Amino acid sequence: KKPHLKLLFNKLKKAFINADCVTSISKKQAEKLASIDFRKEVELIKTGVEVEKISNINLNQHLPNQLKDKRIIFSPRYMSPVYNMEYQIEAISKLDRNVLENHVFVFIKGIDTEENYYDEVYKSLNKIKGLQFIVLEEVTQIEMWSIMKASELVYMVPKSDGTPNSALECMAAKTPLIIGDLDYNQELFEKSSWIAELNSPLSLTAKIENALNSYPVELLEIAFKKVNKFGNRKVEMEKLKTVYLSLAQE
C-alpha cells in the first residue's frame, strides 16, 4: 500500500521476469516460487559458513582477553526481544547453583539493541543469585568463532528464525548446541543438536544442565558432517560458480 513498497515490488518482479536463473537459500523459498507459478530455473545455493577457517582457528590469538581461562556458556544472538531474552533469563534463574558459580554466561548486546530494553534485561540478569555473566558490545567475525570454539555450550532460542549461520558456525566448531523447537531445516538440524521447548523455560534449564554433563560426542561429529556437506560456504560458492559459467556459455 505504501508507494515505495509498490516501487520495490515492481522492480523485483521485473528482475525475476528478466532473470535467466534465480538462486535460493532454502527449499521453502524455492517451493514458494513454484507455488506462485514461477517457471524459470531455481538453484538451491545456501549462504554457508567458513567451515575450514572455523575448524582451524587459533583461540589464543583471537579469543577476547576477558574470556580466556573461563568456562563459557554462550548466547550468540543479540540481546533483543526476538531472541527471547525473558525466556533465557527465566531458564538461567532455575539453574543449579553449581552451574552458575562455575561458568560465565556470555551475551552480545548488539549495536541495534534498544537501550531501555537492554537496561531491563541487564538488571534482571544481575538479580540472579550466583550468576556470572559478561556482555560484549560487539564482536568481530573471528572473535565470534573463537568464543564458540572456546565455549562448553552454545544455545540460541529465538522466537522465530531462518537458517541461522551462528548455529552452523557452532556445528563447525564442534561445540555442544541447544536450539529451540522451531521449524528449522531438517537437512541440517535433524538429530544434530539438542532441542529445548520454547513454551517452557524449564526445558532449556534441563537441557543446559544435562549438556554440560553428558552431551554426546557422536552428536558433535554428526553436526560437523552435516554442516560440512550442507552448509559449507566453499562448497556452495562452487555451485554458484557453476551456475555463472553455465549462463556465460549460453
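Predicted model: local features only at pLDDT ≥ 70, side-chain atom pairs only at ≥ 80, totals over all residues.
Begin by selecting the six strands that form an open sheet, in which the order is 5-4-3-6-7-8 and the pairing is parallel. At the edges you will find strand 5 (133–136) and strand 8 (194–196), each of which pairs on one side only. Averaged over the sheet and with direction ignored, neighbouring strands are turned by 20 degrees against each other.

**Helix 5 and helix 7**

Now select residues 85–93 for helix 5 and residues 115–126 for helix 7, whose axes come within 10 Å and cross at roughly 5 degrees. Helix 5 and helix 7 are therefore roughly parallel to each other. To see where they touch, display the side chains of Met-85, Glu-86, Ile-89 and Ile-92 in helix 5, which meet Tyr-117, Val-121, Ser-124 and Leu-125 in helix 7. By class, the residues of this contact are six nonpolar, one polar and one charged.

**The largest pocket**

Move on to the largest pocket, in which about 390 Å³ of space lies. A lining of 20 residues surrounds it, and those to select for its centre are Ile-25, Ser-26, Gly-162, Thr-163 and Asn-185, the closest to that point. Helix 2 (27–35), helix 9 (165–173) and helix 10 (186–189) each supply at least two residues of this lining, and helix 2 gives the most, with four residues. If you colour the lining by class, three residues come up as nonpolar, 10 as polar and seven as charged.

**The second largest pocket**

Finish at the second largest pocket, which has a volume of about 240 Å³. Select Phe-9, Leu-12, Lys-13, Phe-16, Ile-17, Leu-33, Ile-36 and Phe-38 to display its lining. Helix 1 (residues 3–18) gives the most to this lining, with five residues. Coloured by class, the lining of the second largest pocket shows seven nonpolar, no polar and one charged residues, whereas the lining of the largest pocket has three nonpolar, 10 polar and seven charged.

Notes: Residues numbered from 1 in each chain as written. Heavy atoms only, no water. Axes fitted to C-alpha atoms, helices over the stretch in contact; angles between N-to-C directions. Parallel < 35°, antiparallel > 145°, perpendicular 65-115°, else oblique. Contact = heavy atoms within 4.5 Å. Nonpolar A, V, L, I, M, F, W, Y, C, P; charged D, E, K, R; others polar. 1 Å grid on protein atoms, 1.4 Å probe; cavity = no way out; pocket = protein on both sides within 12 Å on 5 of 7 lines; lining within 4 Å. Points joined across faces, edges and corners; volume = space filled by probe spheres on them. Pairing = 2+ DSSP bridges.
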